[in-house]
Amino acid sequence: MAQIIAGVSRTFNEYLLLPNRTALDCSVAAVDLRTPLVRYAAGQSSTIELRTPFTSAIMQAVSSPELAIALARNGGLGFLHHNRSIDEQVEDVVTVKNFKAGFVVSDTNVRPEDSLRRLNEVMARTGHSTAAVTENGGATGRLLGLVTSRDFHPQRHDPDAPVSSRMRPITEVAHATADVTLSEANARLWEERLDCLPVVDELGRLRHLVFRADYTDNKRFPAQLVDDAKRLRVGAGVNTHDYRERVPALVEAGADVLCFDSSDGYSDWQAEALRWAKKHYPEVPIGGGNIVDGDAFRFLAEAGADFVKVGVGGGAICITRDQKGIGRGQASAVLDVAAARDSYREETGEYVPICSDGGLAHDYHVALALAMGADFVMMGRYFARFDQAPGAKVPTREGFVKEYWGEGSNRARNWQRYGQGTQGLLFEEGVDGFVPYAGDLSEGLATTIAKLRATMVSCGATTVPRFQATARLTLVSDQSLQEGHATVTLRETTGSPS
Ligand SMILES: NC(=O)c1ccc[n+]([C@@H]2O[C@H](COP(=O)([O-])OP(=O)(O)OC[C@H]3O[C@@H](n4cnc5c(N)ncnc54)[C@H](O)[C@@H]3O)[C@@H](O)[C@H]2O)c1
């Protein structure tokens, strides 16, 4: 007969935190959000510590290189998705690893023989007013000159004339060699009164552009997550099908950490793949998942997982629970797995961090996940709302929205799932839709971080481990949930009384 496990499957929404005594030195400024990303032995610390406890979901609609760059600059980590060719995923890893603050890869490029009309169109599309003129019209072609919106006017100059007729040739453009540092480049921008300094390699190929406008950019991100060579860190998703080819390529490209991505990580496929990865690439940490209980945690930890991802069916676009009847409330899953992680540490002396993936509907749910024992969280819907996410930004009557679709949906065309044996999917485990647009990632995340710090201070903790060790939670009734919401008529809905 089937076994019914004790306890109800509960979600984050069913809990609230109780305030603990807050000491005078427990302030938001004192809160340190560092948290371990990968397995470590007792008495040591994790070889990679996140500076803020956020990772982005391994999804096409979420983790582009732009999003991974923005998230790492804010102390978290992006996981580039694997639902495409190995070469394409490698290219994205390289893009993040090559990112240098203040050095931008040119996105507005033309060939000298292109028309001014085309130049105008390219500038209108990117919204940038400086274009690189390269031999092949690409971002890394041989640099032949620069042309800005000040060099031509659509009414004054023949739109069919070639770009070469209005560009400043490279012989007249101040430029730097690839070994230039950001401070040297900035010094030249100011001393030579330049707006833009192109950086070229020894063969004259364009590498980057440095703009005066980005001068202060780097100073905005004191908590960047960087490797020993000061390059941003990046993660990459892998699967249990082509890992023998994909893992080596991603390691070679410089991925800092890998993670198996599956709706069901409690499988021999994943244990086998983890053992293979740990045998061939012991120096590269790799996570496993997703799972929702202590037995499955132990299974993956024993197979070598450096962290374990928790969550089945809780994602905003996920319909696994509807379709397969499989899943568990995210709060119950995290509590159970955290207890298993702690017993595993007591027995083996090894701490294997856990990640709460999905089921976070409000900012405060991040605090609840950490309080319940998660070391960090992974979010999809949350990050899909920002400028840096790959989904298109679409205007609606209620404001802008961004596209967001699940890896189990038809749209994702996830080839792993095409093993269902037909041309298309027999059933979907994810939906395709929209989320409200939320602007720039750094600004949105700053608000979430501010709330998390405030919650931790109310709970008397300035570090994540202390918060986990001392948090007190209570289950809430429907009635007390009602009580928690504002019960006055909001000014924004009625306007100010005159
Ligand atoms: N977290 C969630 O709740 C959730 C739910 C649904 C989908 N998803 C996402 O959807 C995507 C696809 O997940 P998935 O679980 O369908 O992919 P998967 O590759 O893990 O599993 C697909 C199928 O292939 C089988 N399989 C795995 N390795 C195999 C191998 N080497 N040889 C033969 N068969 C093998 C599995 O048992 C399963 O039947 C992922 O991005 C996943 O994160 C997540």
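Predicted model: local features only at pLDDT ≥ 70, side-chain atom pairs only at ≥ 80, totals over all residues.
For the selection, domain 1 is assigned to residues 12-100 + 221-483 of the protein chain, and domain 2 to residues 103-214.

Next, select residues 393-396, 399-405 and 432-436, which are strands S22, S23 and S24. These three strands form an open sheet in the order S22-S23-S24, with antiparallel pairing. Strands S22 and S24 stand at the edges and have a single partner strand each, so one side of each is left without a neighbour in the sheet. From one strand to the next, the twist averages 45 degrees.

Now move to the positions that the unreviewed UniProt entry annotates as "active site", namely Cys 318 and Arg 417. Centre the view on Cys 318, which is placed in the loop between strand S18 (307-310) and helix H8 (320-324). Is Cys 318 buried or exposed? Cys 318 has 24 other C-beta atoms within 10 Å, and because the cut-off for a buried residue is 20 or more, Cys 318 counts as buried. To see what surrounds this residue, select Gly 313, Gly 358, Gly 406, Gly 408, Glu 429 and Gly 430, which Cys 318 touches when residues up to four places away in sequence are not counted.

Notes. Residues numbered from 1 in each chain as written. Domains from an automatic or database assignment. Pairing = 2+ DSSP bridges. Helix = DSSP H or I, 4+ residues; strand = E, 2+ residues; numbered from the N terminus. Axes fitted to C-alpha atoms, helices over the stretch in contact; angles between N-to-C directions. UniProt positions renumbered as here; feature names shortened; annotations may be inferred. Buried ≥ 20, exposed ≤ 12 C-beta atoms within 10 Å, placed from the backbone. Contact = placed C-beta atoms within 7 Å.
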